[in-house]
Amino acid sequence: MSAPSVHAETALFAGGCFWCVESDMDHVAGVSDTVSGYAGGTTKNPTYDDYTSGGHREVVKVTFDPAVVSYEKLVDIFLHSVDVTDAGGQFCDRGHAYYTAIYVLDDAQQAAAKKVKAKDEGELGETMVTPIEGSATFWPTENYHQNYYKSQERTLSRFGYVTRADAYKGYRKGCGRDARVPSVWGDSAYKGIAGH
């Protein structure tokens with residue numbers, strides 16, 4: 001991640017599992033911070049136990065330096081990191097909580113997101129199911145979810161008693177994310193994300 005800029009801006013993306021979106025966005029030049037959370041629902045102060053019943057999606061708030069990566073470029077990178085053809089969730093995670101979305105925070109972001117979506121639909125050759133939503137209140141998730149993908153704290157998971165980082169790797173592979181995205185986007189899958 002980059003150092004924070006005095007001119008930093010914020011983006012809000014829903015791309016299925018917030019651990020995965022956070023990990024991907026952390027590997028984009030110009031991104032200085034990512035925070036996992038919830039948005040789009042009707043309840044206040046949602047938690048991991050009740051956010052779905054409040055109609056929220058898992059989201060990541062991305063802080064970035066527009067001098068390094070523009071909002072348009074960030075939207076393009078995000079769209080190439082998810083399955084924009086899946087209207088039922090993302091990969092093994094199903095239901096509204098895992099639907100993709102771009103939450104725009106102002107009119108300029110809305111115009112930019114529409115422009116990028118139209119361009120990327122041309123590249124894809126079909127209509128994306130990922131909506132552009134209006135501004136939504138962001139609620140950060142519990143601390144143990146933040147930076148889960150690199151945490152060395154140990155946890156009991158379906159993969160045994162392992163670090164959260166190892167549990168994340170097992171989940172991401174088992175859920176099929178890294179296999180599916182290239183089948184949607186081909187060689188442009190994960191473009192702009194270091195390490196992919």
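## Helix α4, a pocket and a helix crossing

Helix α4 gives the most to the lining of the largest pocket, with 3 residues. This is a predicted model, where local features need pLDDT of at least 70, side-chain atom pairs count only at pLDDT 80 or more, and totals for chains, interfaces and linings use all residues. Residues are numbered from 1 along each chain as its sequence is written, and side-chain values use heavy atoms, without hydrogens and water.

Helices are DSSP runs of H or I with at least four residues, numbered from the N terminus. α1 and α4 each supply at least two residues of the pocket lining. Lining residues have an atom within 4 Å of a pocket point. Among them are S23, D24, Y168 and R172. The largest pocket holds about 150 Å³ of space.

The axes of α1 (residues 18–26) and α4 (residues 164–175) come within 11 Å and cross at roughly 100 degrees. That makes α1 roughly perpendicular to α4 (65 to 115 degrees). W19, C20, S23 and D24 of α1 meet Y168, Y171 and R172 of α4; contact means heavy atoms within 4.5 Å.

R164 is buried, at 13% relative accessible area (buried means under 20%). Beyond its neighbours within four places in sequence, R164 contacts Y144, Y148, S151, E153 and T155.

Methods
Axes fitted to C-alpha atoms, helices over the stretch in contact; angles between N-to-C directions. Parallel < 35°, antiparallel > 145°, perpendicular 65-115°, else oblique. 1 Å grid on protein atoms, 1.4 Å probe; cavity = no way out; pocket = protein on both sides within 12 Å on 5 of 7 lines; lining within 4 Å. Points joined across faces, edges and corners; volume = space filled by probe spheres on them. Buried < 20%, exposed > 50% of the residue type's maximum accessible area, 1.4 Å probe, protein only.
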